[in-house]
Amino acid sequence: MKLIQRCYLQKNIEFMEERKMKHDVIEELFSKYYNDALLYTLSLTKNHLIAEGIVSDAFYTALKTADGEVQNFKAWLLKVCRNLFLNS
């Protein structure tokens, strides 16, 4: 029983560490690229509230679907913003 508990505890610790690392990466990407994405989207929409909504949706979409293969996150994020704008 103790071996099972240790394995479970180890898996839980690994999961929490991985989750914290993902949170740190997301936070870094958001603080690094939010303003650029907002300014770009503002240039498309000419409306601050709509631009904020698109950027929020773009970050959600990008982070939900992104994998380790993205070479240039900023370009990819701006493309997501553009596509969301065109589809709205």
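At what angle do H2 and H3 pack, and how far apart are their axes? The views below are taken from a predicted model.

**View 1. Packing of H2 against H3.** The two helices meet at an angle of about 125°, and their axes lie 9 Å apart. Angles between 115 and 145 degrees fall in none of the parallel, antiparallel or perpendicular classes, so H2 is oblique to H3. The crossing of H2 and H3 is right-handed.

**View 2. Residues at the contact of H2 with H3.** H2 contributes Ile54, Val55, Asp57, Ala58, Phe59, Thr61, Ala62, Leu63 and Thr65. From H3 come Phe73, Trp76, Leu77, Val80, Cys81, Leu84 and Phe85. By class, this contact has 13 nonpolar, two polar and one charged residues.

**View 3. The largest nonpolar core.** This core has 16 residues, and those with the most contacts inside it are Tyr33, Ala37, Val55, Phe59, Phe73, Leu77 and Cys81. Helices H1 (2-45), H2 (48-65) and H3 (73-87) each supply at least two of the core residues. H2 gives the largest share, six residues. In soluble globular proteins, nonpolar side chains tend to be buried together.

**View 4. Surroundings of Ala37.** Leaving aside residues up to four places away in sequence, Ala37 touches Val55, Leu77, Leu78 and Cys81. Ala37 is also among the core residues with the most contacts inside the core.

**View 5. Lys46 in the loop between H1 and H2.** Phi of Lys46 is near 60°, a positive value in a residue other than glycine. Most residues other than glycine have a negative phi. Lys46 is exposed, because its relative accessible area is 68% and the cut-off for exposed is over 50%.

How values were computed
Residues are numbered from 1 along each chain as its sequence is written. This is a predicted model: local features need pLDDT of at least 70, side-chain atom pairs count only at pLDDT 80 or more; totals for chains, interfaces and linings use all residues. Side-chain values use heavy atoms; hydrogens and water are left out. A nonpolar core is a set of buried Ala, Val, Leu, Ile, Met, Phe, Trp, Tyr and Cys residues joined through side-chain atoms within 4.5 Å. Buried means under 20% relative accessible area, exposed over 50%, partly exposed in between (1.4 Å probe, protein chains only). Helices (H or I, at least four residues) and strands (E, at least two) are DSSP runs, numbered from the N terminus. Contact means heavy atoms within 4.5 Å. Axes are lines fitted to C-alpha atoms, for helices over the stretch in contact, and angles run from 0 to 180 degrees between N-to-C directions. Angles under 35 degrees count as roughly parallel, over 145 as roughly antiparallel, 65 to 115 as roughly perpendicular and the rest as oblique. A crossing is left-handed if the near helix is turned anticlockwise from the far one by less than a right angle, and right-handed if clockwise. Ala, Val, Leu, Ile, Met, Phe, Trp, Tyr, Cys and Pro count as nonpolar, Asp, Glu, Lys and Arg as charged, and the others, Gly among them, as polar.
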